Amino acid sequence: WLRPEHRVDHVGFGLVCGQDGKKYKTRSGETERLVDLLDRAVEISYAESVKREAQKATEAQERGKQPYSGLTEQELQDNAKVIGYGAIKYFDLKQNRTSDYKFSYESMLDLEGNTAVHLIYAYVRMRSIARKCGVAETADVLAELRKAHPASNLQVALSAPSEWALGLHLLRFASAVETIVEELYSNKMTDFLFTLVTKFNDFYQNERVIDAPDRDSKLLLCEVTAKVLKEGLRLLGIGVVEKI
């Protein structure tokens with residue numbers, strides 16, 4: 001199976017530790033099986049999603065809106081697997097591989113920190129912008145944008161500082177991939193993706209998109225960001241979801 005064109009490297013790894021700093025084990029003193037860690041992460045992710053759905057339904061009722069339809073049971077289960085598995089993978093891959101680290105479900109499922117959950121939520125936000133703009137209900141927003149501008153070459157016109165910061169960071173994606181291939185440190189990619197989402201959030205908080213005069217240019221920037229984020233996560237073996 002090993003061909004001349006393949007490259008094989010032996011790399012070292014640190015230990016996964018419990019909160020006490022010792023090798024991670026169950027309460028019975030046995031080493032935790034990976035399958036049990038993955039199953040537990042999915043259970044926690046599912047429980048959190050159900051809780052959020054119930055909260056959204058309550059808020060809709062209190063505001064006198066139409067009943068909240070939300071996610072189906074199948075969507076909740078599917079999302080829980082993507083987020084739960086992704087959370088553990090990302091938490092492991094974001095560490096410097098030669099260092100020990102403390103395992104924590106609370107840390108890896110944090111909505112605000114450098115976690116897969118945070119990045120997946122950001123991806124969902126990026127994809128929802130096109131739907132709010134009424135540009136497309138389909139997955140191929142770029143194709144829809146091209147249809148809306150048949151006589152011109154639709155391009156991203158960077159003007160605001162936050163747009164420039166985001167655009168310049170997107171251009172570094174290729175070099176980030178090359179660095180990981182050469183150095184074999186997956187945390188270089190997680191750092192890149194977390195910074196990407198941070199810059200996107202800064203852009204989205206400071207710039208109008210949906211009702212902006214240059215809406216389609218900004219929408220294109222959002223869509224490119226979503227595609228780079230999705231591809232970066234794919235390289236780490238992590239999926240995304242379209243709705244949360």
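What follows is a talk about the terms used for this model and the values behind them.

Modeller: Happy to. This is a predicted model, so local features need pLDDT of at least 70 and side-chain atom pairs count only at pLDDT 80 or more, while totals for chains, interfaces and linings use all residues. Residues are numbered from 1 along each chain as its sequence is written, and side-chain values use heavy atoms, with hydrogens and water left out.

Biologist: Let's start with the fold. How many helices and strands does the protein chain have, and what makes a run count as one?

Modeller: The protein chain has nine helices and two strands. In sequence order the pattern is β-α-α-β-α-α-α-α-α-α-α. The C-alpha trace spans about 65 × 55 × 35 Å along its principal axes.

Biologist: Why is I180 called buried?

Modeller: Buried means under 20% relative accessible area, exposed means over 50%, and partly exposed is in between (1.4 Å probe, protein chains only). I180 has 17% relative accessibility, so I180 counts as buried. I180 sits in helix α7, residues 173–183. Of the 244 residues of the protein chain, 38% count as buried.

Biologist: Which residues does I180 touch, leaving aside its neighbours within four places in sequence?

Modeller: Contact means heavy atoms within 4.5 Å. With those neighbours left aside, I180 is in contact with Y185, K188 and M189. Across the protein chain, among contacts between residues at least 6 apart in sequence, 72% join residues at least 24 apart.

Biologist: Now the charges. What makes E242 and R127 a salt bridge?

Modeller: The term asks for a side-chain nitrogen of Lys or Arg within 4 Å of a carboxyl oxygen of Asp or Glu. For E242 and R127 the closest N and O atoms are 3.4 Å apart, and the pair forms a salt bridge. This pair links distant parts of the chain, with E242 in the segment after α9 (215–235) and R127 in helix α4, 115 residues apart. R127, E223 and E242 are linked in a network of salt bridges.

Biologist: Are E242 and R127 buried or exposed, or in between?

Modeller: R127 has 5% relative accessibility, so R127 counts as buried. E242 is at 33%, so E242 counts as partly exposed.

Biologist: How many salt bridges are there by this rule?

Modeller: The count comes to 13 salt bridges. One of them joins R234 and E231, whose closest N and O atoms are 2.7 Å apart. Both R234 and E231 lie in helix α9, three residues apart, about one turn of the helix. R215 forms another salt bridge with D216, at 3.0 Å between the closest N and O atoms. D216 is buried because its relative accessible area is 12%, whereas R215 is partly exposed because its value is 24%.

Biologist: How do you know where empty space is left?

Modeller: Rolling a probe the size of a water molecule over the atoms shows where empty space is left. On a 1 Å grid over the protein atoms alone, a cavity is a set of points where a 1.4 Å probe fits but cannot get out; a pocket is an open set with protein on both sides within 12 Å along at least five of seven lines; lining residues have an atom within 4 Å of a point. Grid points are joined across faces, edges and corners, and a volume is the space filled by probe spheres set on the points.

Biologist: What volume does the largest pocket have, and which residues are closest to its centre?

Modeller: The largest pocket has a volume of about 400 Å³. Of the 15 residues that line the largest pocket, K56, Y68, V124, K243 and I244 are the closest to its centre. Helix α4 gives the most to this lining, with six residues.

Biologist: And how many cavities of 30 Å³ or more does a search of the whole structure find?

Modeller: The search finds one cavity of 30 Å³ or more. About 60 Å³ of space lies in the largest cavity. Its lining includes S49, R52, L76 and Y121. The largest share of that lining, four residues, comes from α1.
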